[in-house]
Amino acid sequence: MESYLLGIDCGNTVCKATLFSLTGRSVGTASGRVKARLPKPGYYEYDLNELWMGVSGVIRAAIQAAGVASSAILAVGVCGHGNGLYGLDGDGKPLVGIQSLDFRAEGICQRWNDDGVSEAAFLFSRQYCWPGQTNSLLAWLRRYDLPTYMRLRTVFFCKDYLNYCLTGVVSTDYSDLSVTNLMAIEDRKLNTGLFDLFGLSGIETTLPEPRQSKTVIGRTTAAASRQTGLPEGIPVVAGMIDLVANMVGCGSIQPGSATVISGSWSVNCLLSDAQIQAEELAMVSLFADPTLQIAVEASPTAMTNLEWFVNQFMNRAKKKCNRKGTSVFAYCDQRLADRGRVDSDVLFLPFLHGNNLNGIIRSGFYNLSGSHTKDDMLQAVYEGIAFSHLAHVQRLRSTGKGVHSARFTGGGARSPVFSQLLSSVLQTRLECVHIAETGCLGAAIAAAVGIGLYPDYQVACGQMVAASEAYIPDEAMVVYYRSKFHAYTAFVESMIK
């Protein structure tokens, strides 16, 4: 009988579960939206009991979709969104579940920025303060909801709560803990000085000691088995933050390897075996192997911009594609492919959902004239998304760490036209990974290593991850994109000033 691994990926809105063969083949997947509570503007919370009910239902659905006996599942790996604040009381009951989308602590972060607290913390944590971080939310509870703060006995993260539901064991891993602004990255330890700096002295005892992502933390309980349909007693590993799981699921596990994700967010990561110190980076975190560090650059400037354009300006095409059972995004690709090379001067800033430069900057088309067409605008959207990725990758390169290879995934990687364009814009060979759920695969790979199916991530990824296509920069287009990117950055900088 063939054996399988279960990978689970729980984000801020959707949870996914996929069963994989030991060679990384997806045999069954399911997903479901998990409803957030919005008690006040800016508040994003999970009812933790509802979260577990939703996730357990997705697990059951994935097993059913695979059509295999649950007894064939060898182990479970879980990843989830980072930061936020998930907590238990002294009886081990759910107490608080705040998502990383939450920005109730915005005022606290602003004070930390004004008072120099953020700058002082950065020397140790390599993180800037933002509202959805665990440290910010703890400080908010201490200031505005002291009774809840005083009842906290366990503080951990999204995937840790799910692991707790599966096994009854409290745990966390290095990757999740490293992005909370509470760990000294170089020491790979919680830093009491950081807790003191943020006014959180004493609460450090509520956070579990981190374990490696591959470490088996426990086994599924009888209660979890009844809830999910998983066999009782199968191993569950510590897991990792979704960012790291996507890197592992792409096979980006060697120092110098980059991962480019173009989905709702433009996420760009570079793995290093040396200390990363660069003040302009969005974030530095630890990898699944905590001896390695990741330089991270990200912003919500990716394919949701194209989705918006399609929804606003291509309704007729959408209806036509729906009738044919084809993708409107493939239709967009074909329009640009048929158009061929057009050196258009139309610029698009992909900031419809914000950016990490200046909150005042808004999206827009620029240099439009009466002679321009919808296809000029569509081309500008593709280019603007690619230019945002390039701006991030340039900051990754500024760390002095070489980019030796790049794996590309997310919705954008399903577009051959965009993939080729991005390769030329980045002037980098891009290897696309088309498996739908790289986060689930990364979590499953950690489980495979944890139970000894493979000796390490390198061997496991060699067996379970495969790039489907490679795109090489088109030298004829590189000069054009370089010139247009210069115009793009000059325009963005003029708006910041």
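Strand E15 (residues 257–262) and strand E21 (residues 405–409) pair in the parallel sense over five bridges; strands count as paired if DSSP finds at least two bridges between them. Helices (H or I, at least four residues) and strands (E, at least two) are DSSP runs, numbered from the N terminus. The model is predicted, so that local features need pLDDT of at least 70 and side-chain atom pairs count only at pLDDT 80 or more, while totals for chains, interfaces and linings use all residues. Residues are numbered from 1 along each chain as its sequence is written, and side-chain values use heavy atoms, with hydrogens and water left out.

Angles run from 0 to 180 degrees between N-to-C directions, and axes are lines fitted to C-alpha atoms, for helices over the stretch in contact.

The axes of H10 and helix H16 (residues 438–450) come within 7 Å and cross at roughly 80 degrees. H10 and H16 are therefore roughly perpendicular to each other (angles under 35 degrees count as roughly parallel, over 145 as roughly antiparallel, 65 to 115 as roughly perpendicular and the rest as oblique). On the H10 side, the contact (heavy atoms within 4.5 Å) is made by Ala 245, Asn 246, Val 248, Gly 249 and Cys 250; H16 contributes Thr 438, Gly 439, Leu 441, Gly 442, Ala 443 and Ile 445.

A further open sheet has three strands in the order E6-E5-E7, with antiparallel pairing. Strand E6 (94–98) and strand E7 (154–156) stand at its edges with a single partner strand each, so one side of each is left without a neighbour in the sheet. The twist there averages 15 degrees from one strand to the next. Four bridges join strand E5 (residues 85–88) to E6, and Leu 85 has Ile 98 of E6 as its bridge partner. Helix H4 (residues 134–144) packs on this sheet and touches E5, E6 and E7, its direction making about 55 degrees with that of E5. Helix H6 (residues 158–167) also lies across E5, E6 and E7, at about 30 degrees to E5.
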